[in-house]
Amino acid sequence: MKVAKFIISFFFTFILTLALSLQFGQVPPIGKFFDPFKGFMRNATGKELDFDPIENLPGLKNQVLIAHDSLLIPHIFAENDYDLYYAQGYITAVHRLWQMEFQTHAAAGRISELFGGDYLNYDRFQRRKGMVYGARNTLKEALKNDTLKNVLQAYTDGVNAYISTLSYPEFPVEYKLMNYSPEPWTPLKSALMFEMLQENLNGSDMDLENSNLLALLKKDRFDFLYPDRLPNSQPVIPTGTQWNFKPVPIDTPAITFRQEEMVSASDLPAPDPDNGSNNWVVAGSKTKSGNPILANDPHLNFNFPCIWFVNQLNAPEINVLGGSVPGIPGVFIGFNDSIAWGLTNAPRDARDWYQISFTDEDRSEYLYDDKRLKTQTVVEHFKIKGSADVADTIVLTHYGPVVYDRNFPTSENKKRLTNFALRWIGHDPSSSMLSSYKVNRAHNYNEFMEGLQYFDSPAQNVAFAAASGDIAMRVQGKFPAKWKGQGKFLMDGSNSDFDWQKIIPNNQNAQVLNPEKGFLSSANQIPVDSAYPYYVYDFNYEHFRYKRINQRLSELGNKITPQDMMTLQNDAYNLRAAESLPVMMDSLDFSALSAEESDAFDLLRKWNFNNDVNLAAPTLYETWWSNLYNLIWDEFADKSWPLYYPSVANTIYIMKNYPGDSCFDQTSTTAKEYLSDLLLASFKNTYKELEEWKTTRNEDYKWGSYRGVYIQHLARLKPFSRYDIAVNGGKNIVAANKENHGQSWKMVVALGDNVNAWGIYPGGQSGNPGSYYYDNMVDDWAKGVHYPLLFMKSRSGDRERLIFSQTLQPR
Amino acid sequence: MKFILKIIFIAALSYAVELFLPWWSVVLSAFLIGILIPTSGFNSFLSGFLGVGLLWLIFSIAIYNRSDGILATRIAAIFQLNQPVLLVVVSSIIGGVVGGMGALTGSQFFRLFTKEEKKSLYN
C-alpha cells in the first residue's frame, strides 16, 4: 500500500515537474519561466542597472571605462582601437543582444527557426534576394582591409565576451519567452545587419509595375502620369550648380521599351516607401552664434528596441557621439568636436530585374546575345521550428540570383515562365563600414570627404558641417551610369544591351560646398537638376518636405539658434494640404452638402494646415485626401497585377492643371465623372466614415487619437509595444510621423569652440522590456522635446550627469 | 512547531539551491526535507506548498516592488491576465504545487522504511 502511494506521488511529481520544464506550442516552459529567481522576474530591473562596476573580460588589451549618463547613453573611453570596438560590441550586447541577433536572423532568412513554417516564404525571399550573398561579398572585401578587419573582430569579441557570461537566468526575456539561446556573434552578422540597412533604404523598385503600366497606358500616357521629374522641383544639390567634369561615356542602345504582356511575380513584403529622412545645415552667416548648425532626423519604422543605439566612442584619434545601429561598429549619424554629419536616403534606382531565358530544364545555361552563359546553383537550407528542414535551390546568373522562378513564391510561377534575376548594388561588396571608421575620425572637410568616398551603399544625401565654418551636401553612393530609361522596366536578360555598363566615378557624384544662400537641405527629393550629365531616376522622390524646410530656412533670417532647428524638426505644417485643399474646396459643390457636412467642412476652412494632435481638421483632410486619391486612381486598383498609383505630387498637379483629365472618370460607371463629382463623393464618404469612427470610439476624431501612432516590438508582441501615441505631423510633413513610421532619431548639433548637441528617439537605450529605460524617451519624443546630449571631452569630465560607471579589465 | 520548522527548512534549502541549480531544484529540496522531517500526507503537502510557494511569493513581490511592476504588467498581458498581481499569484501557486508534491513524495519515501504499526484484533 505505502509502496503504491509512494510510486503514485513520485510519478505524479516527476511528470508535473517535467511538464513544467517543457515548451508547449507558444507557451514557454512554465516552471522555468515563472521561477522568480531565474525566470522572467530576473529581467525586471526597473530603474536599476543590473551589472557589475568591474568586469574582467578576456582579450582586452587595456582598461576601458564605460560611463552611462542619465539617458543610459554609454560613453566609452578606451586606449586603442581594438578595445574601443570591443567595448562598443560588449555594451551594445548588454543592452540590445536579443535585437541584434533577431535582426540578423531576419536578414539572413532564419525566422522560421524561431516561429515555424509560417515564415518560410519570408525566409526564402531573403535568401533569394541575395541578402546573405551580399553580406558575404561585403565581408570578404572588408577582411582584406587590416583596419576594418581589426574593428570587426574586436566588435565580435566584445559581443561574444558578453554572451559567454550568460546562462539562462541572465538571458534577455525574449529568449525566455521563445525558449531559445543566443548563438555566438560573427563578423558576418555585422555584415548582415548592414545588408539589412541597405535593403531597408535601397530595397524597393517599381520595375514590374512600370512594365505593366506601360502595357496598359502606352508611352505618352505613362510619361504623363509617372514623370521622371516634376515641375518646380528643388533638387538636393541646388539648381545652377556647375558640373565641371567629363562624364564617362556609355553606349545608349537603340531600344524602345515596349511592353505587350502583363507581368507578375508576387506580392511579397517590400520596405516602407516612406523610409527617408530630413537633414539640413546652416552656415555661420545665418546663425546667431556665427557657427554652423546641423540637423538630421531619419524616418524609419517605429520598433522596440529602436534601430538606433546612441553612444560615445573615445580613444586616441577619435571622440565621436551619435546614433549607431546595433550590430555595426562605429557611429552612423553623429558628431565629434570638429564636425557633424547627417544622412537622408538618396533614392536612385539601383535595383533592376532581368528576364532570364534558360536553354534547358536544368537551368544550367541561359541565353546572352549569341552566347550561352553558365549558371551556378546554390542549395539553401532552412531549419523550421516544429517541422523538418526544407531546402531551396537558387540559380545564380551574372546579374545576380534568379529571385522569382518556377519554385518561388509558389509553383504557380511554372505556368508563367517567370524567371526574374535581380541586379542590385546591395549584392556588391560594400566598403561603407570602412567609411564610418574614417568619417568618425575626421576633423575637417577634406578628411571627411576622404572618408566618405568609401561610402557606396545605401546611397545617402550627406549633410556636413565643420566647426571651422564649412557646410556641404553630397549625394554619396555607388550609382550605375545608365542610359535614359535603363532599369525603369523589366529588362531582357538575353540582350547585353540592357546590362549595366559603368559606375559613375566617385568624384562625379553631385556635391555642393558653402553655397551663397548659407544653407543646404535634403529630404529624399530628386538629387540634381536636369543639367547633371547622368540619367537619374527613382519612382519615389518626395515633393513636399524639402519645400517646407527650404521655405523655413529662408524665412528664418540670419539669427538662427539651435532651438529654431528643433522647432523646425517638429514642424507639422502640411504643405500637401496647403497645395491641394484650396483646389479641393474650390471645386466642391457646397449646395449638395447637408447641414452637418457643412459644419465639418467649416473646420477645414478655418484650419491653419498644421497636423496638430488636438485638431480634428487634419483627420478630416487626410481622410478626404486618401478617399479622393483612391477614387481618382481606381483604374489601377486591380490587385491581380503589380501596379501602383501616380505620385501624390503629380496627382495634385493634374488636379490643378488638367481638371478634365480622363483619370477622374470612374471605370465602374458608364456616366462620365469629373473632378467635382469625385470630390463630392469622397467628401460625403469621409464624413460618414468619421462619424462612424466617432460612434464606435466614443471620442472626437482629433488627429492624435485618430491616427494612433504606435511602436511595435520586433517580434510583434503587443504587450511589449506601445499604442495610441499622440504626436504631431504626418506623411509629407517635416515631422514625418505616420502610424508606425517616422522620426526615428532627431539630432541637432551646434558646432563651435564647444560643441552642443540635442537628441531624442522614440524608445529607450535598453532593449529590456523590464527596464525603465526600455521606453523612457517615448513620451517626451511625442511632445517634441529634445534632450541635451552629454558629450564628454575626457573620462573625468561631467561626473554629475553620470549614473553608473563600469570598468572593463583585461582578464 | 514541527510543521512550521519544516516550512522554514524547505524555504531555506530551496532558496540556497535556487542560486546554483535549475528551477526544479525546489522539488528536490522539498523532497529532501520531506524525508528528514516526515509528517502525515496532507500536512506534508501543505508544508512543501507553503515553503516553496511563500518563498516564490515573497521574492516575486520584492522584485515587483523594486521594478515598479514594469515587466510583470507586460508579461501578465502576454498571458492574458489583466492584473499583474495575478501573475505573482500564479507563479507562487506553481512553486507551491511542485513544492508540495516534492514534500509529499519525500514523506512517503521515508515511510517506505518504517514499520507499519500492526493493529491487533485483540486490543
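Of the 811 residues of chain A, 51% count as buried. This is a predicted model. The predictor gives the complex an ipTM of 0.93 and a pTM of 0.95. Chain A holds 22 helices and 31 strands. The radius of gyration of chain A is 28 Å, close to the 28 Å from the globule rule for 811 residues, so chain A is as compact as a globular protein of that length.

**Chain A overall**

- Along the principal axes, the C-alpha atoms of chain A fill a box of roughly 90 × 70 × 65 Å.
- Among contacts in chain A with a separation of 6 or more, 71% join residues 24 or more positions apart.

**Confidence in chain B**

- Chain B has an average pLDDT of 90.
- In chain B, 93% of the residues score at least 70.
- Where pLDDT is low, predicted coordinates should not be read in detail.

**Where chain B meets chain A**

- The contact draws 30 residues from chain B and 32 residues from chain A.
- On the side of chain B that touches chain A, the elements giving two or more residues are helix H3 (41–66), helix H4 (70–78) and helix H5 (84–112) of chain B.
- H5(B) supplies the largest share of that side, with 12 residues.
- By residue class, the side of chain B that touches chain A splits into 19 nonpolar, 6 polar and 5 charged.

**Strand S17 of chain A: an enclosed strand**

- Strand S17 covers residues 420–424 of chain A, and 5 of its 5 residues are buried, so S17(A) is largely enclosed by the rest of the structure.
- Phe420(A), Leu422(A) and Trp424(A) point one way from S17(A).
- Ala421(A) and Arg423(A) point the other way, and all of these residues are buried, the charged Arg423(A) included.
- In a regular strand, side chains alternate between the two faces of the sheet.
- Strand S11 (residues 351–355) of chain A runs antiparallel to S17(A), joined by 5 bridges.
- In that pairing, Gln355(A) stands opposite Phe420(A).
- Strand S16 (residues 402–404) of chain A also pairs with S17(A), in the antiparallel sense over 2 bridges.
- Here the bridge partner of Tyr404(A) is Phe420(A).

- Strand S9 spans residues 333–336 of chain A.
- Ile333(A) and Phe335(A) point one way from S9(A), while Gly334(A) and Asn336(A) point the other way.
- These residues of S9(A) are all buried.
- Strand S8 (residues 318–324) of chain A pairs with S9(A) in the antiparallel sense over 4 bridges.
- Leu321(A) stands opposite Phe335(A) in S9(A).
- S9(A) is also joined by 2 bridges to strand S10 (residues 339–345) of chain A, and the two run antiparallel.
- In S10(A), Ala340(A) stands opposite Phe335(A).
- S9(A) and S10(A) form a hairpin, with 2 residues between them.

**A three-stranded open sheet in chain A**

- This open sheet of 3 strands has the order S6-S25-S26 (chain A) and mixed pairing.
- Strand S6 (303–304) and strand S26 (722–725) of chain A stand at the edges, each with a single partner strand, so one side of each has no neighbour in the sheet.
- Strand S25 (residues 709–713) of chain A pairs with S26(A) in the antiparallel sense over 2 bridges.
- Ile711(A) has Arg722(A) in S26(A) as its bridge partner.
- Strands of a sheet pair through backbone hydrogen bonds, either parallel or antiparallel.

**Helix H19 of chain A**

- Helix H19 runs over residues 648–657 of chain A, and Ala649(A), Ile652(A) and Met655(A) are buried in it.
- Down the axis of H19(A), the buried residues fall within an arc of 125 degrees, so they line one face of the helix.
- The cover over the buried residues of H19(A) includes helix H16 (575–586) and helix H20 (675–697) of chain A.
- Asn657(A) also lies in helix H19 of chain A.
- Asn657(A) counts as exposed because it has 9 C-beta neighbours inside 10 Å, and the cut-off for exposed is 12 or fewer.
- Asn657(A) and Ser204(A) lie 453 residues apart in sequence and 30 Å apart in space, C-alpha to C-alpha.

Note on methods:
Residues numbered from 1 in each chain as written. Chains lettered and ligands numbered in written order. Predicted model: local features only at pLDDT ≥ 70, side-chain atom pairs only at ≥ 80, totals over all residues. Contact = placed C-beta atoms within 7 Å. Pairing = 2+ DSSP bridges. Rg over C-alpha atoms; globule rule 2.2 N^0.38 Å. Buried ≥ 20, exposed ≤ 12 C-beta atoms within 10 Å, placed from the backbone. Arc of directions from axis to C-beta. pLDDT = per-residue confidence, 0-100.
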